[in-house]
Structure formats: C-alpha cells, structure tokens
Amino acid sequence: MKDRHDGRSILVGYDESSGSEQALRWAAEEARLRHCPLLVCHAWQWPYPLRPVGEQMLAQVERIATAVVHHGVDHVREHRADTEVRPLLAKGPVSAVLLEAAKKAQLVVLGSRGVGGFEDLRVGSAAVQVPAHSTRPVVVVRPAAEPIDRPGSRIVVGIDGSSASKAAFGFALREATLRGGTVTAICAWWDPGALPGPDRLPFVDAAMMRAGAETRFQQVVSLLTDRYPNVPVTTEFVGERPPRAIVEATRDATLLVLGRSGLGSGTGALLGAVTQAALSGVHCPVVVTPASD
C-alpha cells in the first residue's frame, strides 16, 4: 500500500555524527515502510563567514562535504538495497538548508545533535529550530534510540485538545498502521486549585473540571480512532504536570508524537513546553507535527 504522500521523499540530515548515523538508519527504515525515496541531505559552509577565503579553499571544503553526503548514500544502498536513495548537497546553515528542502518532502528526520556543540549538549540547534519552523512533521532521533523495526512497536502521543495535538494523534495512528504497532494516547491534567500560596485559584471544583476534561479527551480519541479500526489504542488520563507525564510514559516506547505547541503555550512560543521537555528528556525518537500535516 502506497503512502498518501506518494512521490515525496523522506528527508534526512546527515553529517557523519553518531546522531546522524542513527537518524539515517531510522529514515531508511521509514522510507521502506512508506515505499518512498530517501533524500540524504548535507549542508556545508565556510566555518569563518566574516573572513575572506579563496576559491581553492572553498572547493576543498566542498569536496569534503561531497564525500560526507555520498558516504551516507552508500551506507543506505549497502544495507537497504530495495530503497531508492539520492544525495542532496547544499551550501548554507544546517537549519536553513533542511527547512528549504523540507518543503518538497513528506517527513524530515535528523539526529538530536550533530558534529557541532559542546560534549554534554543534549539537543543541537537544528533539532530545535527545524521542528519549530517546519511545515512538515520532523523526527528527532537520539543515538541510543531503539530500532524502528523492533517487535511490538508502541507509539505514545500527547493529546490536549489543540489542533496540533489532533494532528499528532493522526500521525501516530498512521505510523502504527505502517508498523503493525499500538498507540497509547495520553492526556495529563493537573488541579489548577492545587497551586501553592497566592497563586492558588479560589472556588475551583477540581473534580468537576477533571471529569469534563477526561470526557472531552475520550471524545477526541474516539473520533479519530474510528478511522483506524485496526490499530489498538489505549488511553491514559493522568493527574500530573504534562512534561513529567510525557517523559514517564515513554520509558518503553518506540516513538513519541507531539504537536509543535499545545494549549497554554505563549503566543510567541515556537515550541510548547512539553515538546521542549521531550526533545531533551526522552530516549525514544520524538515526532513534532505542525498544526496540520
């Protein structure tokens, strides 16, 4: 069965770092599942933009970059002979190159950090900037991530009723269909009357508010699961702050799917607090979806 985005490639960022190696393997398997081409992208630029440099030096840097992208392509061809794979070499900042290429892709995959940054950096700049601005779903893969094709794939999706979270749920259901996996839909609710000190809200009927939120959560889940009757879906409505609840729920998950920003996100926030916490706090791959994918 062909994916509904038939003809569009999966785009993966590659720079020979351990994170990008894992992202490359993840993307190649996803391309196989979706029956679509894989585009291996490497961005290069002169590392000292304010210093003039001769054409010979630039040509040398470009030759090195060419070798990097072809190494990624050769790796896929060696291990996934049934997958169509092509190189994409572009000059410019990593995030800008990936965002431009993403316009013609169906999905973007990248490692949590590349060759830049300091040793203890948990999430690189591209792993934040690309999900924050991409019009396509973005998968951020950690080096320690479990194989995508391991038996019993369990996909966790966070739902808060926002349009972004509904898009995330739809993505999770489609992925579960591709993999023959299950979906765990989680909604985290906390008592607004439980705030300490002067921030505590007066006259709040927490039980009534919780019951109403849980009812709406179940209604959203039921509406979407009706379109995917063959996907086993379980729901978890937990009394916990959303960032902590999501991190706890993904300890044995294969994949986490979240909307770019949910309810309560500031108007200027490009990524919601839960999504930011997940990108730096969970060990499975994280998919960040725009409001509609």
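**Entry 1: a residue to start from**

I began at Val257, which touches Ile155, Val156, Val157, Gly158, Ala168, Phe171, Ala172, Val287 and Thr289, not counting residues up to four places away in sequence. For me a contact means heavy atoms within 4.5 Å. The model is a predicted one, where local features need pLDDT of at least 70, side-chain atom pairs count only at pLDDT 80 or more, and totals for chains, interfaces and linings use all residues. Residues are numbered from 1 along each chain as its sequence is written, and side-chain values use heavy atoms, with hydrogens and water left out.

**Entry 2: cores**

I then looked up which residues have the most contacts inside the largest nonpolar core. They are Leu38, Val40, Val109, Val157, Phe169, Val183 and Val257, in a core of 44 residues. Another core lies apart from it, with 32 residues, among them Leu39, Leu98, Ala249 and Leu258. A nonpolar core here is a set of buried Ala, Val, Leu, Ile, Met, Phe, Trp, Tyr and Cys residues joined through side-chain atoms within 4.5 Å. Buried means under 20% relative accessible area, exposed over 50%, and partly exposed in between, with a 1.4 Å probe and protein chains only. In soluble globular proteins, nonpolar side chains tend to be buried together.

**Entry 3: whole chain**

I listed eight helices and 10 strands in the protein chain. Helices (H or I, at least four residues) and strands (E, at least two) are DSSP runs, numbered from the N terminus. Of the 293 residues, 47% count as buried. Among contacts with a separation of 6 or more, 78% come from residues 24 or more positions apart. The accessible surface is about 14800 Å², and 54% of that belongs to carbon and sulfur atoms. Such areas come from the Shrake-Rupley method with a 1.4 Å probe; for residues, only the protein chains shown count as cover.

**Entry 4: the sheet**

I read the strand order as E3-E2-E1-E4-E5-E10-E9-E6-E7-E8, an open sheet of 10 strands with mixed pairing. E3 and strand E8 (233–238) are the edge strands, each pairing on one side only. Neighbouring strands are turned by 20 degrees against each other on average, direction ignored. Two strands pair if DSSP finds at least two bridges between them.

Helix H5 (residues 163–179) packs on the sheet. H5 touches E4, strand E6 (154–158), strand E7 (182–188), E8, strand E9 (255–259) and strand E10 (286–289), and its direction makes about 155 degrees with that of E9. Helix H8 (residues 273–281) lies across strand E5 (138–141), E9 and E10, at about 155 degrees to E9. Axes are lines fitted to C-alpha atoms, for helices over the stretch in contact, and angles run from 0 to 180 degrees between N-to-C directions.

I checked the bridges next. Strand E1 (residues 9–13) runs parallel to strand E4 (residues 105–111), joined by four bridges. In E4, Leu11 has Val108 as its bridge partner, and Ile10 has Leu107. Val108 is in turn partnered with Val138 in E5. E4 and E5 pair in the parallel sense over four bridges. E1 and E2 are also parallel, with four bridges, and Gly13 stands opposite Cys41 in E2.

How many residues of E4 are buried? Seven of its seven are. E2 gives seven of seven too. In E2, Leu38, Val40, His42 and Trp44 point one way, Leu39, Cys41 and Ala43 point the other way, and all are buried.

**Entry 5: helix H2**

I tested the length of helix H2 (residues 55–79). At 1.5 Å a residue, its 25 residues should span 36 Å, and the end C-alpha atoms are 36 Å apart, so the two agree. The expected span is 1.5 Å times one less than the number of residues. The buried residues of H2 are Val61, Ala65, Val68, Val69, Gly72, Val73, His75 and Val76. They pack against helix H1 (18–34), strand E2 (38–44) and strand E3 (85–91).

**Entry 6: positive phi**

Glu16 has phi near 75 degrees. Glu16 sits in the loop between E1 and H1. This residue is partly exposed, at a relative accessible area of 39%. His35 has a positive phi of about 55 degrees. Its place is the loop between H1 and E2. His35 is partly exposed, with a relative accessible area of 45%.
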